[in-house]
Amino acid sequence: MRHGTHDRSEEATLDHYITAEEHLPDEECTETTLQITDAETKRIFEARVRIAREPDELTDPQRLTVVTGPHETVSKEWYVELIDEIDAAGINEDLLRRLAREQETTSNIVNTRSDDLRVVLTYLVESGQYESTAEALRELAFEQLAEHNPALLEAYDAVRTEFEADPLRRALMDQE
């Protein structure tokens with residue numbers, strides 16, 4: 001099917017999104033983050049996407065109206081393939097869910113391989129401020145994340161709660 005030749009019944013099955021030409025990447029079909037608007041709900045969001053002028057170039061093409069001009073009155077029809085939606089705080093919850101799922105079957109040891117960090121953490125333990133280097137590192141890392149990335153911690157807390165609260169959902173996600 002070539003661009004511009006689909007019939008109305010096919011068009012009805014496609015989601016429709018809108019973006020400004022200035023947001024487009026330089027090259028088609030490359031993975032990029034794009035601000036788009038859902039044409040039906042008018043919800044504006046960011047997503048990791050691929051775009052193309054022809055639907056055949058994408059695995060799951062959706063219509064994308066690209067507006068341009070000083071008053072965004074000129075439009076071109078493109079296609080977009082949504083990979084992951086990114087929330088308003090810039091958190092990719094799909095990625096966070098995947099990492100949480102993977103963590104269930106992998107080691108929980110974080111290795112920094114830093115002599116300097118090891119010396120400083122050991123000092124904090126031996127001076128009585130913490131019981132262990134692991135405790136010091138956990139507490140300091142979470143304090144830093146809470147201060148500089150609170151949205152990430154909130155999103156992870158929601159994801160973790162989903163996993164803990166819904167064993168059926170977890171089992172189904174494991175099958176994917």
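In this predicted model, 5 strands form a closed barrel in the order β1-β2-β3-β5-β4, with mixed pairing (strands being DSSP runs of E of at least two residues and helices runs of H or I of at least four, both numbered from the N terminus; two strands are taken to pair if DSSP finds at least two bridges between them). From one strand to the next the twist averages 55 degrees, where axes are lines fitted to C-alpha atoms, for helices over the stretch in contact, and angles run from 0 to 180 degrees between N-to-C directions. Residues are numbered from 1 along each chain as its sequence is written, and side-chain values rest on heavy atoms, with hydrogens and water left out. Local features were considered at pLDDT of at least 70 and side-chain atom pairs at pLDDT 80 or more, whereas totals for chains, interfaces and linings use all residues.

The secondary structure of the chain amounts to 6 helices and 5 strands, arranged along the sequence in the pattern α-β-β-β-β-β-α-α-α-α-α. Of its 176 residues, 26% count as buried (buried denotes under 20% relative accessible area, exposed over 50%, and partly exposed the range in between, with a 1.4 Å probe and protein chains only). Among contacts with a separation of 6 or more, 49% are made by residues 24 or more positions apart, a contact being heavy atoms within 4.5 Å.

On the β2 side, Ile18 stands opposite Thr37 and Tyr17 stands opposite Asp38, while in β4 the bridge partner of Tyr17 is Leu64. Strands β2 and β3 are antiparallel and share 6 bridges, among which Thr33 is partnered by Arg48 of β3. The hairpin of these two strands has 5 residues between them, and in this hairpin Lys42 adopts a positive phi near 70 degrees. The pairing of β3 with β5 is likewise antiparallel and extends over 7 bridges, with Asp84 of β5 as the bridge partner of Arg48.

The count of aromatic pairs comes to 1, under the rule that rings of Phe, Tyr and Trp (its six-membered ring) pair if their centres lie within 6.5 Å, with planes under 30 degrees apart counted as stacked, over 60 as edge-to-face and the rest as tilted. This pair consists of Tyr17 and Phe45, whose arrangement is edge-to-face, at 6.2 Å centre to centre and 80 degrees between the planes. Because Tyr17 belongs to strand β1 and Phe45 to strand β3 (residues 44-52), the pair ties together parts that are 28 residues apart in sequence. Both partners count as buried, Tyr17 at 7% relative accessibility and Phe45 at 6%.

Neighbours up to four places away in sequence aside, Asp38 touches His16, Tyr17, Arg43 and Phe45. The C-alpha atoms of Asp38 and Leu64 lie 9.4 Å apart in space, although these residues are separated by 26 residues in sequence.

In soluble globular proteins, nonpolar side chains tend to be buried together. The largest nonpolar core of the chain comprises 12 residues, namely Tyr17, Leu24, Leu34, Ile36, Phe45, Ala47, Val49, Ile51, Leu64, Val66, Trp78 and Val80 (a nonpolar core being a set of buried Ala, Val, Leu, Ile, Met, Phe, Trp, Tyr and Cys residues joined through side-chain atoms within 4.5 Å). At least two residues of this core are supplied by each of β2, β3, β4 (62-68) and β5 (74-86), and the largest share, 4 residues, comes from β3. Apart from this core lies another, of 6 residues, including Leu96, Ala155, Val159 and Phe163. As for Trp78, a member of the 12-residue core, the contacts beyond four places in sequence are with Leu24, Glu28, Ile51, Ala52, Arg53, Gln62, Arg63, Leu64 and Val66.
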